[in-house]
Amino acid sequence: MNEMKTAKTVSDTKPRSSITSLYDSYVVPTYKRSLTLVKGQGSYVWDDDGKQYLDFGGGIACNCLGHSHPAIKRALQKQSSELIHTSNLYYTELQAQLAQSIVKLTGPGKVFFCNSGAESNEALYKLSRKFGAKEGRYEIITATGSFHGRTLGGISATGQEKVKKDFGPLVPGFVHAPFNNLSAFEKAMTDKTAAVLVEGIQGEGGINLATPEFILGLRKITKERNILFLWDGVQCGHFRTGFWQSYEALLNETAEAEDFLPDGVAMAKSLGGGFPMGATWIAQPHADLLQPGTHGTTFGGTPLACAVALAVLDEIFKNDLPNNIHQRGQQTRDLLSTLIEGGKIKAVRGLGGIIGFQPVETNLDVVARLSAKGLLTVPAGENIIRLLPPLNVTEQEVNQALTIIKETL
Ligand SMILES: *Cc1c(COP(=O)(O)O)cnc(C)c1O
């Protein structure tokens, strides 16, 4: 007879200090973690000592409405009592509605739903392979310093050696060229090139903004050579720049702004406001390339995820959050710029709610000291500290964050 061991539940609360030792024993240590967080509300989170933090990490650009937003709670509660998951063998109204919303925001095309940023890029890689298959084209050019996710496809696409180390052989066909270097990208194009994939603002790479010349040049060359121009909007998209996609922000002052469209856009992070989901928008001419049996996902676009994403979009528009984050971004950059004058930081860059600054000291040290003073931030490449506040962050919260930064430096 099998004797069932008494099932321990999570609610058998352990002394708090033992949480980290449980991690040490049972969680694969892919992350260096710091605090133990127990609660979030708006732009704030609390740790297990009851200490409050202003959260300018935003779950790495996911919590676009902050924590415990009533619209997200309502959507989760309502939809979870109706239909959570069906698989993609069936139609659901909410997936159709969300696809329509994304197409209206982006441009003529169709949407594939998935669960993460790496997966939304993966759909772009497979689209590229399908697109080039008849002519034997399969190469995808990405930028140095880029980040496209942690799957084998993702690290192959990512233009950073450190993510690839010891994971070879990588997925073949990815070629890297220096970011913002149009002629290098052009030189990298061969008769095997199927696509080019870039982030509008490199997030993990250190908040590096693509220049209008680079974007417009790539659009022109890829069109001429029948190469797909693909956009990784996972971190910089979803109104983080004050615009739906970052190309709209980056090209804002150019004559071509109105007509610019990539051939595919990867989305995730803020799409579900913290609820995991991803989506890949594919431009009309290529939107039917991936046919039944060629690609798929069990969970992608569940009614629950789509209900949340629709509620997030609704909340963003109802409260004119693109305008809010545009203004808060300006305020943040202005305040940080005064610290450049004081010699405390070397550089500030970014747009809206995706801002990076380079401290004189080591970024990891500063991130830890900011946290001790009650401000959560995220480090990024090239000694950068990232600020990724919610789109509904207030003027007062930005002032509070900048006061903490000033006191810390
Ligand atoms: C975070 C990120 C990804 C990967 O997203 P996951 O959801 O972690 O798979 C891909 N591209 C960019 C630009 C990102 O910032």
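I begin with the burial scale: a residue is buried under 20% relative accessible area, exposed over 50%, and partly exposed in between, with a 1.4 Å probe and protein chains only.

This is a predicted model, in which local features need pLDDT of at least 70 and side-chain atom pairs count only at pLDDT 80 or more, while totals for chains, interfaces and linings use all residues. Residues are numbered from 1 along each chain as its sequence is written, and side-chain values use heavy atoms, with hydrogens and water left out.

**Entry 1**

I looked up S87, which has a positive phi of about 75° although it is not a glycine. S87 sits in the loop between α3 (70-80) and α4 (93-106), where helices (H or I, at least four residues) and strands (E, at least two) are DSSP runs, numbered from the N terminus. With a relative accessible area of 17%, S87 counts as buried.

I then turned to D320, which is not a glycine either and has a positive phi of about 45°. D320 belongs to the loop between α11 (303-318) and α12 (321-341), and its relative accessible area of 42% makes it partly exposed.

I also noted a cis peptide bond, the one from G168 to P169, with omega near -5°; P169 is placed in the loop between α7 (161-164) and β6.

**Entry 2: strand β5**

I asked myself how many residues of strand β5 (residues 139-143) are buried. The count is 5 of its 5 residues, and the strand is thus noted as mostly covered. In a regular strand the side chains alternate between the two faces of the sheet. In β5, I found E139, I141 and A143 pointing one way and I140 and T142 the other way, and all are buried.

Next I looked for the neighbours of β5, taking two strands as paired if DSSP finds at least two bridges between them. With strand β7 (residues 193-199), β5 pairs in the parallel sense over 4 bridges, and in β7 the bridge partner of I140 is A195. With strand β6 (residues 174-177), β5 also runs parallel, joined by 4 bridges, and there I140 stands opposite F174.

**Entry 3: the ligand**

The shell holds S116, G117, A118, N121, F147, H148, G149, E199, D232, V234, Q235 and K269. Helix α5 (residues 117-132) gives the largest share of this shell, 3 residues. By class, the shell divides into 3 nonpolar, 6 polar and 3 charged residues, where Ala, Val, Leu, Ile, Met, Phe, Trp, Tyr, Cys and Pro count as nonpolar, Asp, Glu, Lys and Arg as charged, and the others, Gly among them, as polar.

For polar contacts I used pairs of N or O atoms within 3.5 Å; within protein, one must be able to donate a hydrogen and the other to accept it, and residues adjacent in sequence count only if both atoms are side-chain atoms. An oxygen atom of the ligand is 2.8 Å from a polar backbone atom of G117, and a ligand nitrogen atom is 3.2 Å from a polar backbone atom of F147. In the side chain of Q235, an N or O atom is 2.7 Å from an oxygen atom of the ligand. Of the 380 Å² of accessible area that the ligand has on its own, the protein covers 81%, by the Shrake-Rupley method with a 1.4 Å probe, in which, for residues, only the protein chains shown count as cover.

**Entry 4: an open sheet**

I traced an open sheet of 4 strands in the order β1-β2-β3-β15, with mixed pairing. Why is one side of β1 (37-41) and of β15 (375-376) left without a neighbour in the sheet? Both stand at the edges, each with a single partner strand, so one side of each has no neighbour there. Strand β3 (residues 52-55) and β15 run parallel, joined by 2 bridges, and the bridge partner of D55 in β15 is L376.

**Entry 5: cysteines**

I checked for disulfides, meaning pairs of cysteine sulfur atoms within 2.5 Å, and the count comes to 0. C62 is in no disulfide, and its nearest cysteine sulfur, that of C64, is 8.6 Å away; C62 counts as buried at 18% relative accessibility. C236 is in no disulfide either, with the nearest cysteine sulfur, that of C62, 13 Å away, and C236 is buried, with a relative accessible area of 0%.

Terms used. Near = heavy atom within 4 Å.
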